Amino acid sequence: MPDTHALAERASPGQLAIYDAIVIGAGISGMYMLYRLRELGMTVRVFEAGSDVGGTWYWNRYPGARFDSESWTYGYSFSKELMAEWDWKEHFSPQPDTLEYLNYVADKFDLRRDIGFRSTVVAAHWDEAANRWNVTLENGQRANSRFLFTAIGILSAYTLPAIPGRDSFTGPAYHPARWPHTPVDFTGNRVGLIGTGATAIQAIPEIAKQAKHLTVFQRRPNWAAPLHNSKISKEEMAAIKSRYEEIYAHCATTPSWFIHQADPRKTLDVPPEEREAFWEKLYGEPGFGIWMGNFRDILTSEDANAAISAFIAKKIRQRVKDPKVADKLIPKDHGFGTRRVPLESGYFEAYNRDNVTLVDTLVDEPIECITPRGIKTIRQEHEFDILVYATGFDGVTGAYDRIDIRGENGLRLKDAWAETPRTYLGMLAEGFPNMLMVLGPHTARGNIPQAVSHSVEFQAGLLRFMQQHDHTRVATRPEQVDEWTRIVIKAGEALLSFKVDSWQNGVNRNVEGRTVRRVLGYNGNGAHFRRTTDEVAKGGYQEFAFR
Ligand code: NA7
């Protein structure tokens, strides 16, 4: 196998390092892609902005960070040996354990020798004459490759709140996606936290346990349901391992690669008492069952959605002692499941603590500015020692926008996607030959590592095909892009979730221009997606244009 690290090292500063493939990102996708590309005998360099592997799990070290997918469906399935060796400790793994897992994978397959850390890619330009990509790093280093793989994640471009005075605060201020490597000690401190998305919902109960006082600034509440995490005993782990094949095969048949499968009944066809009992059962079970294992029409029928929303609202009222606070925590602008449902561990009970205050910034106390001492609303200045901006990400396309990517005829990806991404299968963008996207926009997502696995395997198959047929260039065909874009938009716009602003629809008011909803993911059935890609592969990839 060629030693690409040595190749790169040989290139002196200013000289061009040459590879068969460059992968951007050493998270779950990039690590897996590297493993497969090496198998194809390619020289590969992975460029990673962080100082080690892990991507999302490297950066997001905030208290409470953990999976809400079942751990034993989250690992890589490409190596039986790896699956046999690794023991998950909890059903929903906490961030430190997951990062440990990814480090274990990197060590086991000796991945680091092909990864350049602290290497932020700032530009990637397609050279039409040479049929290759020119990549530039922040430090000025340049590299060149036949293929470019973007393994940059869907939630990696974090965003700070666009609030005046944001940088004037004199105390420490943290975004969860850039959390310090040494834990932050909140003991005795007054903490202000902005945001109530999935991240905040995990962090709030943990910060509340330590802080002298925690004030949560909520603009819009989110529906959330209990995670019901628990430890995995040795015996249980052994039993899970013996069923891995069956578990992964089952996930591959469900719409989003989770273990959960929607109930075939329609909500209002079920008698109210039976419906209530079903929801009680789902609410008491671990994981996403309440969202993905629910009646099949909760995300498409307004009436069905109103019924499940009323059930969850009742639960919030039962769990939060102060009825006024409970009311503020119940979303009024969207129904249950129409935004990504955070799974929580004691989130609602946190508001029963004396040291936690909820500030409603939409109606009661809009934020005016951030000051050197804290946060000033229209009513008062709240003083804090520490601020946490749990204000989310420029989802899906944000990470692409942060790199100057130019394809055929100098076309900028950012401009090409201004209205909507245009791709085939969310894997290859129109006008950007030889750039393969893992978890690109308009692809099927869900349980991320399994979606990644599907994508990586498909792309590795495509490359193998190209090697066998001496092709050096792969691009989209216009009719396939038109058709795929139409299918994706039609499926997305039909859902109740498209009537709501969220990162999934590309809306983020902290980023200029991110005010119009766009369909950014494939929202059809993932099983259909898998069938489509399998057929494309079996048919000899005729939907792509090769040279
Ligand atoms: P989210 O889910 O996008 O949540 C961000 C939160 O921050 C959300 O409550 C926002 O309120 C709030 N926010 C953002 N900007 C502001 C400003 N300027 N003022 C007040 N409040 C603000 O991101 P997360 O990190 O929690 O979760 C991202 C994903 O990570 C999650 O879905 C999982 O898949 C894992 P808004 O709702 O916009 O009113």
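Mentor: About 40 Å³ of space lies in the second largest cavity of this model, which is a predicted one.

Trainee: How is empty space found in the first place?

Mentor: Rolling a probe the size of a water molecule over the atoms shows where space has been left empty. In this structure there are two cavities of 30 Å³ or more, and the largest cavity has a volume of about 70 Å³.

Trainee: Which residues line the second largest cavity, and which helix gives the most to that lining?

Mentor: The lining is made up of Ile-28, Tyr-74, Tyr-76, Thr-98, Tyr-101, Leu-102 and Pro-449, and helix α5 (residues 95-108) gives the most, with three residues. By class, six of these lining residues are nonpolar, one is polar and none is charged.

Trainee: What lines the largest cavity?

Mentor: Its lining includes Trp-72, Tyr-76, Trp-86, Trp-88, Tyr-101 and Tyr-248, while α4 (80-85) and α8 (244-251) each supply at least two residues. The classes here are nine nonpolar, one polar and no charged.

Trainee: Which residues of α11 are buried, and what covers them?

Mentor: Among the buried residues of α11 are Ala-304, Ile-308, Phe-311, Lys-315 and Arg-319, and what covers the buried residues includes β10 (225-226), α9 (272-283), α12 (323-329) and α13 (347-350).

Definitions and conventions: Residues are numbered from 1 along each chain as its sequence is written. This is a predicted model: local features need pLDDT of at least 70, side-chain atom pairs count only at pLDDT 80 or more; totals for chains, interfaces and linings use all residues. Side-chain values use heavy atoms; hydrogens and water are left out. Buried means under 20% relative accessible area, exposed over 50%, partly exposed in between (1.4 Å probe, protein chains only). Helices (H or I, at least four residues) and strands (E, at least two) are DSSP runs, numbered from the N terminus. Contact means heavy atoms within 4.5 Å. On a 1 Å grid over the protein atoms alone, a cavity is a set of points where a 1.4 Å probe fits but cannot get out, and a pocket is an open set with protein on both sides within 12 Å along at least five of seven lines; lining residues have an atom within 4 Å of a point. Grid points are joined across faces, edges and corners, and a volume is the space filled by probe spheres set on the points. Ala, Val, Leu, Ile, Met, Phe, Trp, Tyr, Cys and Pro count as nonpolar, Asp, Glu, Lys and Arg as charged, and the others, Gly among them, as polar.
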